[in-house]
Every structure is written in structure tokens, then in C-alpha cells.
Amino acid sequence: MVRTAARQPVPARHAEAERDVAAILDAATRLLSADPTAGMTDVAEAAGVGLPVLYRHFPSREALVGAVLDRAVDLTDAALEHECIDAAPAPEAMAGLLRSAWEVLDRHRRLFLAADRAPATDPAGERNRERHERPLRRVRRLIERGRRDGDFRHDLPLPWLVTTFFAIIHAAARERDAGRLKPEEVEHVLVTTMSSLLAPGPADGPADGLTRPDPTP
């Protein structure tokens, strides 16, 4: 009689696969954040899985790096989803937004910096820009609210101010990585820089103090 190997129940196989993926992503995040050139063999060893298992879930290094970046952006988006963002005065909420975004980015800054180096024509570089669309929508809503309340300037285009938020945080990551910005300085520098940029000037409101309509929706 021919015996067939016992098969694992589907739920058990699914749970095992989920554990493998979680271990792989945890290991890849640690390794790639420390050394963006870490290879698939390094990740497999750190995750405690074989290379065949790693490639079954992530068929290429690009796919693995993309998954790690996606998870980092998800963490950033979750960190920005706080009730104070919608309830606090806009300048205070912006300071909280910057601190929360930096807390996540700092843990993955080398990985994001490596992704940022991809040229704009490179699909990987374009994908990295797309990843930030969701968290940056929160930034846009906050700046819009600040403009309506008269807390933020109106004389610069809204898309430019949103892009600047993104650029300032990534510039801080580069300076921090190069050692030109001390860890304890980053939050103060970010908040002070963005607050100065967003502060309304004499041309941002009529003399009677009424909030004027936002000219750049």
C-alpha cells in the first residue's frame, strides 16, 4: 500500500506562513535599517527561515525591500492618526505631527534614504513617492485647517507647503545620518523650521482680522 505524507490542515499552514512573513519582515527591517545593502541570505538567517521560504514569500530583494517600506509607511500613517491632530489648534497639531512622523522615520531612516536615492524615472523611486501619499493627505488637511483658522500662511501654494513638510523631514534624516544634526536637536529643528515656514505674514489677512478664503484649494 502506498502511503501519502500527512498534510497540514490549511489553517495551520496559513498560520505558519504568517509567522514566517512576520519574522522575515522584522529581520529585514532590522538589517536593512542598519545596512541598506544587506542581502537575502542575511535576512533569511536573521529570520530563522531557509532561503526557499524567503523567496516563496518575497520572490526578489526588491519585493522584500518594498514590503519593508510599505510597513514603515503604514506605521507612520498610524502614528499620525491621533485625535489631537483634528482637535488641537493647528500649530500645536503640526508640532505633534512632526514629532510622530520623525519617531517612525528615524527608526528606518537609512532604508528610506536608500529608496530616496532612486531617480525619479526609476519605478522604485516613483513607488517610494507614491507610498507617502496617504500620510501626506493628513498633512494637507491640517494645513488647510490652519489656513482657514488664520494660523498658517496663504501666500504660498498648498501643494508646495505639503511637499516641504515631506522634504524637511527627509532632509533631517540625511543630516542626522551624516552626523551634522544631533539626535536631541532633531525635533526642535523640525518644529521650529516648519512653524517658521507656516507662520502667517502681513499679507495673509485683512486688517480687520477676518479669515480670508483659501485661494489654492
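Student: How many helices and strands does the protein have?
Tutor: The protein has 11 helices and 0 strands. Helices (H or I, at least four residues) and strands (E, at least two) are DSSP runs, numbered from the N terminus. Keep in mind that this is a predicted model, where local features need pLDDT of at least 70, side-chain atom pairs count only at pLDDT 80 or more, and totals for chains, interfaces and linings use all residues. Residues are numbered from 1 along each chain as its sequence is written, and side-chain values use heavy atoms, with hydrogens and water left out.

Student: OK, what percentage of the residues count as buried?
Tutor: Of the 217 residues, 37% count as buried. Buried means under 20% relative accessible area, exposed over 50%, and partly exposed in between (1.4 Å probe, protein chains only).

Student: Let's do helix pairs. At what angle do H6 and H9 pack?
Tutor: Helix H6 (residues 90-107) and helix H9 (residues 133-148) pack at about 160°, and their axes are 9 Å apart. Axes are lines fitted to C-alpha atoms, for helices over the stretch in contact, and angles run from 0 to 180 degrees between N-to-C directions. H6 and H9 are therefore roughly antiparallel. The cut-offs are under 35 degrees for roughly parallel, over 145 for roughly antiparallel, 65 to 115 for roughly perpendicular, and oblique for the rest.

Student: Which residues meet there?
Tutor: From H6 you have Ala 90, Ala 93, Met 94 and Leu 97, and they meet Val 139, Leu 142, Ile 143, Arg 145 and Gly 146 in H9. Contact means heavy atoms within 4.5 Å. The residues of this H6 and H9 contact divide into 7 nonpolar, 1 polar and 1 charged. Ala, Val, Leu, Ile, Met, Phe, Trp, Tyr, Cys and Pro count as nonpolar, Asp, Glu, Lys and Arg as charged, and the others, Gly among them, as polar.

Student: What about H4 and H9, parallel or antiparallel?
Tutor: The axes of helix H4 (residues 61-80) and H9 come within 9 Å and cross at roughly 25°, so H4 and H9 are roughly parallel. In H4, Val 73, Asp 74, Asp 77 and Leu 80 meet Arg 134, Pro 135 and Arg 138 of H9. That contact of H4 with H9 has 3 nonpolar residues, no polar and 4 charged.

Student: Now the end of the chain. How far apart are the axes of H10 and H11?
Tutor: The axes of helix H10 (residues 158-178) and H11 are 11 Å apart, at an angle of about 155°. That makes H10 roughly antiparallel to H11. The residues of the contact of H10 with H11 divide into 10 nonpolar, 2 polar and 1 charged.

Student: Where does Leu 190 sit?
Tutor: Leu 190 is in helix H11 (residues 186-198).

Student: Is Leu 190 buried or exposed?
Tutor: Leu 190 counts as buried, because its relative accessibility is 2%. Leaving aside neighbours within four places in sequence, Leu 190 is in contact with Leu 98, Trp 102, Ile 168, Ile 169 and Ala 172.

Student: How far along the chain is Trp 102 from Leu 190?
Tutor: They are 88 residues apart along the chain, while their C-alpha atoms are separated by 8.8 Å.
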